[in-house]
Amino acid sequence: MITAQDDINQKDILPVSDTIGELINSSLQNPLFINDLMSFLESSLVVSNFSSPGSKLQLINFLDKINRYKEKLEIERGNINLDQLKKTAARFGRKAQSAFDTEID
């Protein structure tokens, strides 16, 4: 049975947050890691209750940054073709437009 002392909370996470950040940074050259990280964060957006709309927005912005990084990495490695590049450009255009239209939950 899980008790209150078993709960993982902010005071448990803060001491390891720098280490987690280092792990993420050192693994960003691996596309599979990036995909898994993005999948986890996207799932978190759906199932989590955020303490404030600003927290949710920070996570969305972080996801966007990781996605941009992944796309640039694919371009540098030649793993993206012109059609994919056009779709990415269109997505960024829609994303920029929706930033003006979207309300935060």
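Which helix is Leu85 found in? Leu85 sits in helix 4, the stretch covering residues 82-101. The legends below take a look at this predicted model, one view at a time.

**View 1. The whole chain is built from helices, with four of them and zero strands.** Reading from the N terminus, the elements go α-α-α-α. Of the 105 residues in the chain, 18% are buried.

**View 2. Here is the largest pocket, which holds about 720 Å³ of space.** Its lining draws two or more residues from each of helix 1 (10-27), helix 2 (31-47) and helix 3 (53-77).

**View 3. Zooming in on the lining of the largest pocket, we find 20 residues around it.** Those nearest the pocket's centre are Ile13, Phe40, Leu41, Ser44 and Leu59. Sorted by class, the lining comes to twelve nonpolar residues, seven polar ones and one charged.

**View 4. Out on the surface, Ile75, Leu82 and Leu85 make up a nonpolar patch.** Taken together, these three residues have about 270 Å² of accessible area.

**View 5. A closer look at Leu85, a member of that nonpolar patch.** Is Leu85 buried, exposed or partly exposed? Leu85 counts as partly exposed because its relative accessibility is 36%, and that class runs between the cut-offs of 20% for buried and 50% for exposed.

Methods. Residues are numbered from 1 along each chain as its sequence is written. This is a predicted model: local features need pLDDT of at least 70, side-chain atom pairs count only at pLDDT 80 or more; totals for chains, interfaces and linings use all residues. Side-chain values use heavy atoms; hydrogens and water are left out. Patches are made of residues with over 30% relative accessible area and no salt bridge: like charges are joined within 9 Å, nonpolar side chains (Val, Leu, Ile, Met, Phe, Trp, Tyr) within 5 Å. Accessible areas come from the Shrake-Rupley method with a 1.4 Å probe; for residues, only the protein chains shown count as cover. A salt bridge is a side-chain nitrogen of Lys or Arg within 4 Å of a carboxyl oxygen of Asp or Glu. Helices (H or I, at least four residues) and strands (E, at least two) are DSSP runs, numbered from the N terminus. Buried means under 20% relative accessible area, exposed over 50%, partly exposed in between (1.4 Å probe, protein chains only). On a 1 Å grid over the protein atoms alone, a cavity is a set of points where a 1.4 Å probe fits but cannot get out, and a pocket is an open set with protein on both sides within 12 Å along at least five of seven lines; lining residues have an atom within 4 Å of a point. Grid points are joined across faces, edges and corners, and a volume is the space filled by probe spheres set on the points. Ala, Val, Leu, Ile, Met, Phe, Trp, Tyr, Cys and Pro count as nonpolar, Asp, Glu, Lys and Arg as charged, and the others, Gly among them, as polar.
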